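Subject: Structure handover

Dear colleague,

I am passing on the structure below, together with an account of what was found in it. Please read the notes with the structure open beside them.

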Amino acid sequence: MTNLVTDIEETAAETPGATALGLPDGELTYDELWTRTGRFARALADAGVEPGDRVGVYLPNLVAYVTAFLGTLRAGGIVVPMNPQYRSREISHLLADSGAKAVVTLPDLVQQVLEVRDETDVHTVVSVGADAEGAVEFESFLASEALPVQDRADDDVAVQPYTSGTTGRPKGVLLTHHNLAFTARSSASLHDGIHADDRMLGVLPLFHIYGMTITMLATLFEGGSYWPLPTWDPEDTLSLVESAGITLVHGVPAMYNDMASVPDADEYDLSSVRFANAGGSSLPRDVMERFEEAFDIDLYEGYGLTET
């Protein structure tokens, strides 16, 4: 076993034209995604980020998030996922504690990073989608050439998410390449597995371990397509599931409650969905029953820990 992104490299080599990411106005193929991760990895290396260094990904669910996440791992770095709803007070602890050298974020959030940069080791700030003072724009940051996948050992840290657990300040959890790869493969094998023709709803936030491993990584490991949504809106989500023919849905109980509560919910055609799962918190029976009745889809429940 080496760097966990080699699984995605193999998929890109075998099916370069297959859809990796579904977008509102098109798609990104595995070849295109893999090329962009390599250009991002090279840019990190050119900026002085070395294997073992941390990179903060401070974004909602966007193509740039997937690119930065995989590109950081490809460069041998360690991803520090950060909730984009956090402000300078919250991110100052995450950046200082992790020792992150670079941060990728939205233009509107660049100032939050700059306000605390002097208290951290951050030397590079990348802005996604537009220029922002004190940051380099994402497309301009990408290098012209790709960096090969940097070898990592099974027990090398890949991702450092933060969780408060039950008490106290958020603590960084050290998740290895083997841990994340094993989790993604295991989840991809459940309930008839994930197939290359599956389309995964990407509404769970990627800064959370559930969205990161069970939806994004598991799908890309198996050659399916991942459809990221940056914001939660139940009607928009139902419309996407219907129009894109989404086959796999993961969410938290509150999301299923919201979808079942949409006016005329039963008029949405979700017949493409072959598996739906709830996690993140306990699933109330009434929410499960209302969702199942509205959409004629069995709703399962899973459980996991950021720490594991």
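Helices in these notes are DSSP runs of H or I with at least four residues, strands are DSSP runs of E with at least two, and they are numbered from the N terminus. This is a predicted model, in which local features need pLDDT of at least 70 and side-chain atom pairs count only at pLDDT 80 or more, while totals for chains, interfaces and linings use all residues. Residues are numbered from 1 along each chain as its sequence is written, and side-chain values use heavy atoms, with hydrogens and water left out.

The C-alpha trace spans about 55 × 45 × 35 Å along its principal axes. For 308 residues a compact globule would have a radius of gyration near 19 Å, and the chain, at 19 Å, agrees with that; the radius is taken over C-alpha atoms, and the globule rule is 2.2 Å times the number of residues to the power 0.38. Of the 308 residues, 55% are buried, where buried means under 20% relative accessible area, exposed means over 50%, and partly exposed is what lies in between, with a 1.4 Å probe and protein chains only. Taking contact to mean heavy atoms within 4.5 Å, one finds that 68% of the contacts between residues at least 6 apart in sequence join residues at least 24 apart.

The side chains include 17 positive and 48 negative ones, and the centres of the two sets lie 8 Å apart. In this count Lys and Arg are positive and Asp and Glu negative, with His and the chain ends not counted, and the place of a charge is NZ of Lys, CZ of Arg, CG of Asp or CD of Glu.

Two loop residues deserve a look. Asp 264, which is not a glycine, has a positive phi of about 55°, and it lies in the loop between α10 (253–260) and β15 (275–278). Asp 192, also not a glycine, has a positive phi of about 70°; it lies in the loop between α7 (177–188) and β12 (199–202) and is exposed, with a relative accessible area of 57%.

Next come the aromatic rings. Rings of Phe, Tyr and Trp (its six-membered ring) pair if their centres lie within 6.5 Å, and planes under 30 degrees apart count as stacked, over 60 as edge-to-face and the rest as tilted. By this rule there are five aromatic pairs. In one of them, the rings of Tyr 256 and Phe 291 have centres 4.8 Å apart and planes at 80°, so the pair is edge-to-face. Tyr 256 lies in helix α10 and Phe 291 in helix α11 (residues 285–295), so the pair ties together parts that are 35 residues apart in sequence. Both Tyr 256 and Phe 291 are buried. Phe 275 and Tyr 300 form a tilted pair, with 5.3 Å from centre to centre and 35° between the planes. Because Phe 275 lies in strand β15 and Tyr 300 in strand β16 (residues 299–301), this pair ties together parts that are 25 residues apart in sequence. Phe 275 counts as buried at 12% relative accessibility, whereas Tyr 300, with a relative accessible area of 34%, is partly exposed. Phe 40, Phe 138 and Phe 141 form one aromatic cluster.

Finally, Phe 40 is also among the contacts of Thr 72, a residue of helix α3 (residues 63–74) that counts as buried at 0% relative accessibility.

With kind regards

Methods. Lists of a residue's contacts leave out its neighbours within four places in sequence.
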